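This briefing is for a reader who is new to the structure shown below.

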Amino acid sequence: MTLKYRILLIIGLILASGAALFPRNVKERVKTANGGFKYDTVRRVPLKRGLDLQGGMHLALEVDESKGHVADKSEALDRALKVVRTRIDQFGVSEPLVQKSGNDRIIVELPGIDDPQRAQEVVQKSAFLQFQITDKTQALEKALPRLDAAVKGIAATVATTAGTKPVDTATQGTPGTTGLFTADTTKKPAADSAKSDSAKTDTAIATPTTGGFSKLIQQGQMPGEYFVADADIPAIQSYLSTPAVQAALPPGKVIRFGSDSSQLANKLYRTMYVLDAKPIITGENLVDAKPNTSPTEGTIVEFQFNNEGGRKFRNETSKHIKDFMAIVLDDRVMGRPPVIQSAIGSRGQITMGGRDLQAASDLALVLRAGSLPTPLKIAEVRQIGASLGQDSVSKGITAGLIAILLVVGIMLVYYRFSGMLAILGLILYILFTLAALAGFGAVLTLPGLAGFVLSIGIAVDANVLIFERIREELAHGKTVRTAVDEGFRHAMSAIVDSNVSTALTAAVLYQYGTGPVRGFAVTLLAGIAASMVTAIFVVRTFYMIWLSRSQSTQALSI
Amino acid sequence: MLRILHDTNIDFIRWWKWAVGLTAGFIAIGLLSFLINPRINTSIEFTGGTMMQVEFAKPVDVGALRSHLDKAGILGAEIQQFGTNREYTIRAQEAEQRGAATNGAESVAKRIGNLLTQQYGAGQVRVARTEAVGPRVGDELTRDAIIAMLLSFLVTTVYLAIRFEWRFALAALIATGHDVFTTLAFIKIMHLEVSLTVIAAILTVIGYSLNDTIIIFDRVREDLRKGRKESLYQTLNRAINETLPRSVLTHATTLAATLALLFFAGEVIRPFAWVMAFGIFTGTFSSIYIAGPTLLWIERKWPRKIGISKGSSTATRTSPTRRSPATATR
């Protein structure tokens with residue numbers, strides 16, 4: 001290749017790299033002044049920053065099988081993916097990512113999110129809406145003797161096994177679990193499945209072994225309504241989960257708790273409702289939902305059914321005039337069940353209790369997007385504050401600049417003129433690497449940034465190898481021109497072999513790495529390629545230019 | 001012309017026994033500290049659990065913070081200062097919290113977050129970073145990290161066997177394996193946190209050390225081709241001496257970049273930079289003192305004969321037949 005073509009090729013590479021990095025118009029979701037989001041064209045450098053550099057949230061979701069087996073997980077996940085995607089699209093994040101990873105996981109990435117808990121709730125909420133009529137047949141009262149007997153039975157069996165229980169707990173390492181279990185088995189036998197976060201309140205419960213079930217509940221004002229002291233909730237929930245109690249429950253009825261606690265005579269109480277198991281209608285037919293505030297009821301969510309749903313709803317409610325209708329969301333009764341005055345058409349509303357408008361708008365959002373076909377649990381969360389990400393970027397850039405300064409210093413002092421050529425090569429190296437990253441749409445992560453800074457130090461290695469070879473050839477008394485040629489030729493095998501083996505390691509990292517490490521591997525690969533091109537081709541051309549312009553007798557400053 | 005260590009003729013290999021003793025001692029210290037305290041400081045990504053980085057408006061007492069957490073039932077959480085005394089990382093990796101994480105990885109984080117705002121007041125504390133990982137994810141990551149490490153060994157060994165010869169490949173593999181052990185010992189002694197980023201650093205060290213070994217072996221290959229009347233022992237020493245200026249320069253620039261990362265790139269990247277800084281030393285060391293003597297030992301055990309050795313090795317083809325098995329002992 002003649003010198004002319006070499007120079008043209010280098011200029012072409014520089015132009016292509018410049019074009020790859022030139023700020024361009026991209027369509028992006030951007031925040032508008034009133035807090036909404038819209039698609040807009042933004043001019044920016046096309047290098048994407050990873051979540052760890054711009055702040056945001058990464059979620060990995062899995063099918064939650066703790067409440068029942070899911071037959072076809074992959075299929076259920078596909079349907080869940082659609083719902084999650086719809087919800088996220090409406091949630092208002094710029095450039096969200098929702099994708100399936102493998103057969104059993106959904107990855108959600110939300111850049112720049114500032115309220116991670118809210119985001120999590122929006123993603124995870126099942127949003128299964130049901131309308132159920134409260135029981136007016138006093139079914140629970142009739143079943144109480146049976147329930148009490150069942151509870152007594154549980155207490156007895158647990159009491160007999162209580163002697164063996166401490167042996168198990170002794171093997172449990174953490175003091176927290178041991179304390180929990182011993183407290184349960186001695187004081188409150190049946191509550192051994194109580195959740196750990198209620199451990200503190202457990203001791204406050206009056207020993208229910210004698211009172212059984214009926215002692216824990218108090219009749220409420222409307223049919224099917226009961227009050228349970230907040231402290232007794234874990235106990236009653238654990239009773240309800242046992243098969244014996246479940247068998248004793250009135251048939252065709254379900255027990256649901258209210259969503260909020262209320263103060264009654266200095267004690268916190270939760271409402272508990274006995275409802276007809278068959279819902280009169282579900283959220284399936286819902287077409288719209290929006291948040292609103294009402295002067296009498298506070299924040300509400302207004303919803304609307306489609307024609308078919310409206311017809312069904314009118315039909316059903318006309319059969320239940322003067323009954324109370326519970327609005328059940330994810331097995332929790334929202335607000336106090338209103339009495340049905342007359343047949344309700346296609347519109348209705350959910351009162352949000354004391355929750356704010358944001359909660360109402362989030363609920364409206366998930367209702368609109370539809371319910372999740374399967375419950376999801378969060379397998380992994382990473383959340384990085386935007387300021388921490390920005391901090392990482394600025395620190396990374398500082399470190400990079402200092403690394404460049406140090407490397408430039410070393411090369412200039414040691415190799416002088418040739419060192420300067422190497423530095424020109426290094427500048428192009430940085431340009432090419434960034435361009436390659438932008439071109440492949442790679443995401444720049446913090447480890448990637450670190451890898452890039454590190455590669456600045458390693459990139460000159462190829463130059464060093466060549467320069468040392470040229471020095472050796474010069475020491476053997478060869479002319480400058482031959483020494484340069486021979487130097488490049490002899491250094492080649494070492495450069496190729498060492499770079500290829502590093503590239504192989506990087507490829508393995510890419511294949512088996514996840515998230516940030518993948519970013520690191522991509523940076524490494526781009527760096528290796530760019531460093532070989534600059535050292536072997538670009539710096540060589542620089543030498544050729546220099547040689548063609550000077551007399552061959554001139555001494556080389558190296 | 002500024003030259004460092006130019007035209008040296010140092011008998012490096014002569015000291016190999018001392019060198020092996022030194023490195024064996026270092027690995028032994030690492031192993032000993034592992035036997036005394038088997039806990040390796042692995043990050044949330046691998047163990048599962050919850051990690052939070054929190055920033056307070058005012059300096060906070062660690063003891064008070066710990067007792068708040070203990071009272072809330074988050075037992076055995078590890079609290080570490082992160083940079084200034086206003087920033088801390090809280091790690092809940094105990095079995096109980098891990099169990100809680102199975103039901104939803106975020107629940108512990110939520111509890112800690114609520115607790116902190118309760119204790120210190122809203123606006124006084126800010127969560128800069130949260131990582132919560134269920135146990136299954138951690139297991140997968142561990143598996144993937146081990147696969148990545150073994151696979152990178154395999155592919156580079158195969159590549160070297162093709163480009164050089166199996167003896168060189170094996171020697172380079174052993175030298176690199178040595179680097180993994182010394183680096184792990186270093187991580188254990190320094191009590192660095194093993195995160196995905198640190199795994200990436202270990203793999204980079206492997207690559208870097210391999211680079212260094214290849215540069216020396218490339219010289220050996222070339223010198224062997226010249227067919228000098230000298231033993232492999234002498235050839236090795238010559239190759240090391242010839243590549244010495246390059247080694248010094250490249251290590252200097254790499255170290256410069258690593259130090260820039262160590263001091264200026266912030267707390268998150270520091271473990272990565274520490275491993276890299278150590279890796280530069282162990283990589284250089286092993287290229288000279290592990291790869292070289294191992295090659296001599298392999299050469300003595302399985303002397304090369306013309307035409308028999310496998311692979312399209314150029315070194316074998318041109319290596320002088322008259323040379324007897326390398327004489328490593330003196």
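**Domains of chain A**

Chain A is divided by its domain assignment into domain 1 (3–21 + 386–549), domain 2 (24–127 + 378–384), domain 3 (140–274) and domain 4 (279–371); such bounds come from an automatic or database domain assignment. This is a predicted model, in which local features need pLDDT of at least 70 and side-chain atom pairs count only at pLDDT 80 or more, while totals for chains, interfaces and linings use all residues. Residues are numbered from 1 along each chain as its sequence is written, and chains are lettered from A and ligands numbered from 1 in the order in which they are written.

*Domain 3 against domain 4*

- Nine residues from domain 3 of chain A and 10 residues from domain 4 of chain A make up their contact, where contact means that C-beta atoms, placed from the backbone, lie within 7 Å.
- On the domain 3 side, β10 (253–264) and β11 (267–276) of chain A are the elements that give two or more residues; elements are DSSP runs numbered from the N terminus, helices being H or I with at least four residues and strands E with at least two.
- β10(A) gives the most to that side, with five residues.
- The domain 3 side has four nonpolar, three polar and two charged residues. Ala, Val, Leu, Ile, Met, Phe, Trp, Tyr, Cys and Pro count as nonpolar, Asp, Glu, Lys and Arg as charged, and the others, Gly among them, as polar.

*Chain A against chain B*

- The contact between the chains takes 66 residues from chain A and 67 residues from chain B.
- Elements giving two or more residues to the chain B side include α4 (95–102), β4 (125–133), α6 and α8 (196–226) of chain B.
- The chain B side divides into 39 nonpolar, 16 polar and 12 charged residues.

*Helices α15(A) and α6(B)*

- The axes of α15 (residues 480–512) of chain A and α6 (residues 135–163) of chain B come within 9 Å and cross at roughly 155°; axes are lines fitted to C-alpha atoms, for helices over the stretch in contact, and angles run from 0 to 180 degrees between N-to-C directions.
- α15(A) is therefore roughly antiparallel to α6(B), a term for angles over 145 degrees.
- Residues of α15(A) in this contact include Leu504(A) and Tyr512(A), and those of α6(B) include Leu151(B) and Arg163(B).
- The contact of α15(A) with α6(B) has 11 nonpolar, four polar and three charged residues.

*Confidence*

- Chain B averages a pLDDT of 82, and 88% of its residues score at least 70; pLDDT is the predictor's confidence in each residue, from 0 to 100.
- The pLDDT is below 50 over residues 306–330 of chain B.
- The predictor gives the complex an ipTM of 0.83 and a pTM of 0.74.

Notes
Two residues are in contact if their C-beta atoms, placed from the backbone, lie within 7 Å. Angles under 35 degrees count as roughly parallel, over 145 as roughly antiparallel, 65 to 115 as roughly perpendicular and the rest as oblique.
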